[in-house]
Amino acid sequence: MTVLRPVRAGNAFEETVERLLQAIKLGLVAPGEKLPPERELAVTLGISRVTLREAIRALSDAGYLDVRRGRYGGAFVTYAPPEPDAGHLREAVNEMGMADLSDALTFRLAVECGAAQVLAMSRPAREQRAVLVRRLTDVNEAGLEDYRRLDTAFHLSIAELTGSPLLATTCADARSRVSDLLNAIPMLQVNLDHAAVQHQAIVDAILAGDPDAARQAVAEHLEGTAALLRAFLA
């Protein structure tokens with residue numbers, strides 16, 4: 001999980017909470033699943049285990065984690081996104097503001113189009129291609145309760161497969177900025193079917209090594225999502 005990257009020493013506790021919360025809210029650790037082991041997580045984040053425990057305790061107190069002791073214990077994710085609802089979408093947009101929403105959508109468009117273009121240019125190796133196809137299959141076979149989480153994993157995998165931690169981190173940040181909005185969009189089967197066609201076009205362009213087509217396919221997909229947002233806000 002690229003979002004679980006080293007934090008800065010000056011704000012270790014706050015940034016640890018931010019990293020963990022981002023992983024949870026993006027669904028990179030699914031509801032009911034356990035965070036990586038404490039020792040491993042502390043090394044990954046570049047922090048002390050004391051700081052990590054404080055952050056986990058804060059998220060547990062806030063209702064995002066359930067900390068269990070014993071041989072089969074750990075920090076288990078209890079957070080689940082609310083059910084899609086147009087009313088929740090309007091509330092989230094009102095909290096963000098239309099100007100910030102437009103900026104967040106532009107930011108996401110720029111970084112995700114760039115990631116797809118870079119990956120297509122790199123001519124992904126067989127292992128990378130297999131990961132991308134597997135992520136696509138996961139989304140296509142997902143039930144409604146898992147769709148957003150697996151859709152996120154698919155989108156983020158494109159940036160991660162470029163091999164650039166900076167790009168992967170930036171794409172995760174861009175997704176985080178609109179995550180609550182995307183989760184609030186009612187899921188219509190016709191829209192999911194359309195998204196599946198667009199996802200396939202993205203993968204086909206990347207695997208064909210066509211950066212222009214990859215960039216265009218991502219742009220069309222994200223512009224469609226932006227149009228859906230506007231439709232439910234009208």
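**Figure 1. Lining of the largest pocket in the predicted model.** The largest pocket is lined by 31 residues, and K25, S176, R177, S179 and D180 lie nearest its centre; a pocket here is an open set of points on a 1 Å grid over the protein atoms alone, with protein on both sides within 12 Å along at least five of seven lines, and lining residues have an atom within 4 Å of a point. Two or more lining residues come from each of α1 (12-25), α4 (86-96), α5 (98-121) and α8 (165-184), where helices are DSSP runs of H or I with at least four residues, numbered from the N terminus. Of these elements, α8 gives the most to the lining, with 11 residues. The volume of the largest pocket is about 770 Å³, a volume being the space filled by probe spheres set on the points, which are joined across faces, edges and corners. This is a predicted model, in which local features need pLDDT of at least 70 and side-chain atom pairs count only at pLDDT 80 or more, whereas totals for chains, interfaces and linings use all residues. Residues are numbered from 1 along each chain as its sequence is written, and side-chain values use heavy atoms, with hydrogens and water left out.

Figure 2. The lining of the largest pocket divides into 12 nonpolar, 7 polar and 12 charged residues, with Ala, Val, Leu, Ile, Met, Phe, Trp, Tyr, Cys and Pro counted as nonpolar, Asp, Glu, Lys and Arg as charged, and the others, Gly among them, as polar. Because domain 1 (12-77) and domain 2 (86-232) both give residues to this lining, the largest pocket lies between them; the domain bounds come from an automatic or database domain assignment. The centres of the two domains, taken over C-alpha atoms, are separated by 26 Å, and their contact takes 7 residues from domain 1 and 10 residues from domain 2, contact meaning heavy atoms within 4.5 Å.

**Figure 3. The second largest pocket.** With a volume of about 500 Å³, the second largest pocket is lined by 25 residues, of which P81, L144, E145, D146 and R148 lie nearest its centre. The elements that contribute two or more residues to this lining are α1, α7 (144-160) and α8, and the largest share, 6 residues, comes from α7. By class, the lining has 14 nonpolar, 4 polar and 7 charged residues. The second largest pocket lies between domain 1 (12-77) and domain 2 (86-232), because both give residues to its lining.

**Figure 4. The largest cavity.** The count comes to 1 cavity of 30 Å³ or more, a cavity being a set of grid points where a 1.4 Å probe fits but cannot get out. About 30 Å³ of space lies in the largest cavity, whose lining is formed by E112, A115, H155, I158, A159 and V218. Both α5 and α7 give two or more residues to this lining, and α7 gives the most, with 3 residues.

Figure 5. In α2 (residues 38-45), the buried residues are L41, A42 and L45, buried meaning under 20% relative accessible area and exposed over 50%, with a 1.4 Å probe and protein chains only.
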